[in-house]
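Keep the model open as you go.

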Amino acid sequence: MKINVRSLHRDLGYIYVGLIISFALSGIFMNHREHWHPEKYTITAKEITTTLPSKNDITDDFVKQLVKGEFKINDKVKRHNIRKNELKIACENYDIEINIETGKGEIVEFRKTPFISQIMGLHKSTSNWWIYYSDVFALSLITIAITGMLIIPKGKFSFKSRGWKLAIAGLVFPIIFLILFS
């Protein structure tokens with residue numbers, strides 16, 4: 001059975017066009033998540049003041065009691081940490097930040113952004129079936145790239161004439177970026 005390079009390139013492109021677009025959008029969102037929080041949007045934000053114990057006494061149980069008892073938030077506490085004198089509590093639908101010294105802080109209620117939060121989940125998923133599917137997808141992208149180089153067999157636009165120069169330029173840019181900014 002002879003494999004037609006053009007057909008393989010075309011069919012893999014058709015199979016993965018939706019996933020390519022989804023991954024590309026997710027990558028853009030992930031790249032800018034520190035400046036814009038595309039995964040969620042704020043419903044309400046309110047300032048709070050409370051009294052906190054010493055850092056050593058801020059335990060999981062204390063945080064759960066603070067959230068449910070004092071703040072009257074009926075939400076699952078996912079995690080908490082203390083950084084730079086700030087107690088940060090992450091719940092399913094709330095973010096809470098409190099200055100440990102002053103007790104002043106803010107409770108932000110948020111919701112997940114429809115569609116965008118699901119797309120960003122593609123990049124963050126660690127389920128086994130998704131990892132294997134992503135591996136197959138990665139191998140297919142490599143195949144699409146290689147077959148793309150072979151589609152135009154002759155002439156001034158072929159890989160042999162000019163395509164290899166562009167391919168090397170495409171490899172050099174990320175290498176330079178890694179050297180300069182890593």
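**Exercise 1. Find the handedness of the crossing of H1 and H4, then classify its angle.**

Solution. This is a predicted model. Start with the hand: H1 passes H4 in a left-handed crossing. Next, take the angle. The axes of H1 (residues 5–31) and H4 (residues 128–150) cross at roughly 135° and come within 9 Å. Angles of 65 to 115 degrees count as roughly perpendicular, and those over 145 as roughly antiparallel. H1 is therefore oblique to H4.

**Exercise 2. State which classes of residue make the contact of H1 with H4.**

Solution. List the residues, then sort them. H1 contributes residues including Leu-8, Leu-12, Tyr-16 and Phe-23. From H4 come Trp-130, Phe-137, Ser-140 and Ile-144, among others. By class, the contact has 14 nonpolar, seven polar and no charged residues.

**Exercise 3. Compare the span of H4 with the expected value, and name its buried residues.**

Solution. Count first: H4 has 23 residues. From first C-alpha to last, H4 reaches 33 Å, close to the 33 Å expected at 1.5 Å a residue. Now check burial. Trp-130, Ser-134, Phe-137, Ser-140, Ile-144 and Thr-147 are the buried residues of H4.

**Exercise 4. Is Glu-70 buried or exposed, or in between, and what does Glu-70 touch?**

Solution. Locate Glu-70 in helix H2 (residues 60–70). Its relative accessible area is 45%, so Glu-70 is partly exposed. Then look for partners. Beyond its neighbours within four places in sequence, Glu-70 is in contact with Thr-49, Thr-50 and Gln-65. Thr-50 lies 20 residues away along the chain, with 8.6 Å between the two C-alpha atoms.

Notes
Residues numbered from 1 in each chain as written. Predicted model: local features only at pLDDT ≥ 70, side-chain atom pairs only at ≥ 80, totals over all residues. Heavy atoms only, no water. Axes fitted to C-alpha atoms, helices over the stretch in contact; angles between N-to-C directions. Helix = DSSP H or I, 4+ residues; strand = E, 2+ residues; numbered from the N terminus. Parallel < 35°, antiparallel > 145°, perpendicular 65-115°, else oblique. Left-handed = near helix turned anticlockwise from the far one by under 90°. Contact = heavy atoms within 4.5 Å. Nonpolar A, V, L, I, M, F, W, Y, C, P; charged D, E, K, R; others polar. Expected span 1.5 Å × (residues − 1). Buried < 20%, exposed > 50% of the residue type's maximum accessible area, 1.4 Å probe, protein only.
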